[in-house]
Amino acid sequence: MSTIRGLELFSQSLTVARLGGISFGRSEAEIWDDPREELTDELWALVAPFVAREPACTGRPRVDDHAALNGVLWVLRAGARWKDLPERFPSYQTCHRRF
């Protein structure tokens with residue numbers, strides 16, 4: 001399975017799990033515009049070992065991996081361009097690089 005397809009399935013399962021398979025009459029973009037629908041701390045604890053890295057001793061401080069993953073998942077779910085990433089996430093360049 002490709003990485004992109006794996007992330008798509010992962011993000012779909014998060015939405016279905018949170019909504020219990022019930023549609024509340026909101027579009028997917030509206031769902032992902034809601035900060036409450038981002039990756040929870042519980043789910044982050046499961047994913048973090050595969051994503052997070054130790055910060056380097058030198059250079060620019062690393063942007064939070066949790067926030068960057070939320071940005072990647074938002075783009076995948078919303079089907080938007082990277083430049084359309086809301087300001088509550090790290091820069092679109094950072095999220096794209098982490099993708």
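Author: Begin with helix 3, where W44, V47 and A48 are buried. Buried means under 20% relative accessible area, exposed over 50%, partly exposed in between (1.4 Å probe, protein chains only). Helices are DSSP runs of H or I, at least four residues, numbered from the N terminus.

Reader: Why do these three residues lie on the same side of helix 3?

Author: They cover an arc of only 130° around the axis, so they share one side of helix 3. The arc is taken from the directions from the helix axis to the C-beta atoms. The face turned away from the buried side carries exposed E42, A45, L46, P49 and F50.

Author: A word on sources. The model is predicted: local features need pLDDT of at least 70, side-chain atom pairs pLDDT 80 or more, while totals for chains, interfaces and linings use all residues. Residues are numbered from 1 along each chain as its sequence is written, and side-chain values use heavy atoms, without hydrogens and water.

Reader: How is a pair of packed helices described?

Author: By the angle between their axes and the distance between the axes. Here the axes of helix 3 (residues 41-51) and helix 4 (residues 65-78) come within 11 Å and cross at roughly 100°. Axes are lines fitted to C-alpha atoms over the stretch in contact, with angles from 0 to 180 degrees between N-to-C directions. The two helices are therefore roughly perpendicular, a label for 65 to 115 degrees.

Reader: Which residues make the contact?

Author: D41, W44 and V47 of helix 3 meet D65, H66 and L69 of helix 4. Contact means heavy atoms within 4.5 Å.

How values were computed
Parallel < 35°, antiparallel > 145°, perpendicular 65-115°, else oblique.
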